[in-house]
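I'll jot down what I look up as I go.

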Amino acid sequence: MAKKSSTAKKGAENAASDMLGALRQAGMRLTPQRYAICEALSGNREHPTAQVLFDRLRVDYPSLSRATVYNTLHTLVEAGLLLELVSAGDGNAHFDPDLSPHVHLVCVNCHQIDDLEEPALAGIARRVARNSGYELRNAGLAYYGLCPNCQKAKARKSASAGR
Ligand SMILES: [Zn+2]
Ligand SMILES: [Zn+2]
């Protein structure tokens, strides 16, 4: 593995070009399908599952296989350019290209994942790194609850039930 990497960009989101570079380093051929996967991930704030990406990209790339999506995602996770979240409660892995420290809010009803900037996390990460001696790659802090939409839907339902 090459020592010099282009992943030193702190806090910033990984551009599609960084991800493509990592795939090439891992020995993958840069097919139009893999370009499309990296483009779809870059700046993506929806924490998509592999299936969601597959369904979306299949429209433009009918020859895309599910295996290509999965092995591309896993190569990016291994390269440290993509965060794999397995805690959304829907049994699926969700993927996040944003490696900067941020809080995840997970809706236990609709399983959407939202981001929240939390400046205090950077200080916690520094302390954890210092006290553990680990070179930290990423971190996950998730809070679980009902998203605003699901709260509204619940309120509507109980209002109409009470009538
Ligand atoms: Zn919800
Ligand atoms: Zn996120």
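This is a predicted model: local features need pLDDT of at least 70, side-chain atom pairs count only at pLDDT 80 or more; totals for chains, interfaces and linings use all residues.

**Helix α4**

I started with α4, which covers residues 66–78. I get 18 Å from its first C-alpha to its last, close to the 18 Å expected for its 13 residues at 1.5 Å a residue.

Which residues of α4 are buried? I found V69, T72, L73 and L76. Looking down the axis of α4, I see these buried residues fall within an arc of 100°, so they line one face of the helix. What do they pack against? My list has α1 (16–25), α2 (32–41), α3 (50–58) and β2 (94–96). On the face turned away from the buried side of α4, I noted the exposed residues A67 and E78.

Just past the end of α4, I checked G80, and its phi is positive, about 80°.

I then stepped back to S63, in the loop between α3 and α4. Is S63 buried or exposed? I count 9 other C-beta atoms within 10 Å, and 12 or fewer makes a residue exposed, so S63 is exposed. I also looked at S63 and Q33: they sit 30 residues apart along the chain, with 8.5 Å between their C-alpha atoms.

**The sheet**

Last stop: an open sheet of 3 strands, in the order β4-β3-β5, with mixed pairing. β4 (113–117) and β5 (141–145) are at the edges with a single partner strand each, so one side of each has no neighbour in the sheet. From one strand to the next, I get an average twist of 30°.

How do β3 (residues 102–107) and β4 run, parallel or antiparallel? They run antiparallel, joined by 5 bridges. I looked up H104 too, and its bridge partner in β4 is D115.

Note on methods:
Residues are numbered from 1 along each chain as its sequence is written. Chains are lettered from A and ligands numbered from 1 in the order in which they are written. Helices (H or I, at least four residues) and strands (E, at least two) are DSSP runs, numbered from the N terminus. The expected span of a helix is 1.5 Å times one less than its number of residues. A residue is buried if 20 or more other C-beta atoms lie within 10 Å of its own, exposed if 12 or fewer, and partly exposed in between; C-beta atoms are placed from the backbone. The arc is that of the directions from the helix axis to the C-beta atoms. Two residues are in contact if their C-beta atoms, placed from the backbone, lie within 7 Å. Two strands pair if DSSP finds at least two bridges between them. Axes are lines fitted to C-alpha atoms, for helices over the stretch in contact, and angles run from 0 to 180 degrees between N-to-C directions.
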